[in-house]
Amino acid sequence: MASGSVADQEGKVMLLGFWFSPFVKRVEWALKFKGVEYDYVEQELTNKSTLLLTSNPIHKKVPVLIHNGNPIAESLVIMEYIDETWKQNPILPQDPYERAMARFWANFIEQKVTEPARDALLSQGEQQEKKVKELKEAMEVVEGEAKAKLNDKTLFFGGENGVGYVDIVLGWTCNWMETVEEVGGFKVLDPESQPQFHKWMANFREVPFIKPTLEPTEKLVEYFRMLRQARLGLVANK
């Protein structure tokens, strides 16, 4: 099933992914939130399928959503496609200003949280210290936004609609951040300095369509440790 052409998938919704990818999880969550049925096709990182390579020939990465034979790549782009294609349970706010703000915070999370966390995981020494500092500063900003937007009645950044675009984009922190910290040997999450963010994490983990999809920490630690060792080994051999 992992091979074949895009044309073979006409009329279907298919998601190509790797089990450990937080970007793939975003797309899964968006589809589940919308109640869209789809086929999930696990890919091999070291032996990428013909279907993946032809569906995303530029980046050759997951996630890739294939709908009506058309492939869409990049998790944020896919989420917006899903929201525009299936109108039920809106992911993005309906108000233009609020929608723009949601996109702003999604971009902030990508650039200031996700990317530095990945870089900190795969580096060491001064380079890692720099990325951890950037990540801590970004988390202070996220905590500030959480304090401004969330309370006992509003549990998610999606507001009255519950889980929304920003929640799904930030959701990887609930399962992956502790793994990144453990494997990378640094600490960013702090319940005392980030109380509102930690409340949000606890609530997000309990969302019915989110909870069953969270990967066991032990499994993630094992994989990310291998990934870190491989990357540092490559750097050392240059």
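**Core, pockets and a buried threonine in a predicted model**

The largest nonpolar core holds 75 residues, of which Leu-16, Ile-82, Val-113 and Trp-200 touch the most other members; such a core is a set of buried Ala, Val, Leu, Ile, Met, Phe, Trp, Tyr and Cys residues joined through side-chain atoms within 4.5 Å. Helix H4 (residues 96-121) gives the largest share of this core, nine residues. This is a predicted model, in which local features need pLDDT of at least 70 and side-chain atom pairs count only at pLDDT 80 or more, while totals for chains, interfaces and linings use all residues. Residues are numbered from 1 along each chain as its sequence is written, and side-chain values use heavy atoms, with hydrogens and water left out.

**Surroundings of Trp-200**

- Leaving aside residues up to four places away in sequence, Trp-200 touches Leu-150, Leu-155, Phe-156, Phe-157, Asp-167, Leu-170, Gly-171, Thr-173 and Cys-174, where contact means heavy atoms within 4.5 Å.

**Thr-213**

- Thr-213 is found in the loop between helix H8 (195-205) and helix H9 (217-236); helices are DSSP runs (H or I, at least four residues) numbered from the N terminus.
- With a relative accessible area of 10%, Thr-213 is buried, a class that means under 20% relative accessible area, as computed with a 1.4 Å probe on protein chains only.
- The side chain of Thr-213 reaches the backbone oxygen of Ile-210 at 2.6 Å, and, not counting residues up to four places away in sequence, Thr-213 touches Lys-25, Trp-29 and Lys-32.

**Largest pocket**

- The largest pocket has a volume of about 1000 Å³; on a 1 Å grid over the protein atoms alone, a pocket is an open set of points where a 1.4 Å probe fits, with protein on both sides within 12 Å along at least five of seven lines, and lining residues have an atom within 4 Å of a point.
- Among the 35 residues that line the largest pocket, Ser-21, Phe-23, Lys-61, Val-62 and Arg-118 are the closest to its centre.
- Helix H1 (22-34), helix H3 (75-85), H4 and H9 are the elements that each give two or more residues to this lining, which divides into 21 nonpolar, five polar and nine charged residues.

**Second largest pocket**

- The second largest pocket holds about 400 Å³ of space, and of the 24 residues that line this pocket, Pro-93, Glu-98, Phe-157, Gly-158 and Gly-159 are the closest to its centre.
- H4, helix H5 (125-149) and helix H6 (165-170) each give two or more residues to the lining of the second largest pocket, with the largest share, four residues, coming from H4.

Key
Buried means under 20% relative accessible area, exposed over 50%, partly exposed in between (1.4 Å probe, protein chains only). A polar contact is a pair of N or O atoms within 3.5 Å; within protein, one must be able to donate a hydrogen and the other to accept it, and residues adjacent in sequence count only if both atoms are side-chain atoms. Grid points are joined across faces, edges and corners, and a volume is the space filled by probe spheres set on the points. Ala, Val, Leu, Ile, Met, Phe, Trp, Tyr, Cys and Pro count as nonpolar, Asp, Glu, Lys and Arg as charged, and the others, Gly among them, as polar.
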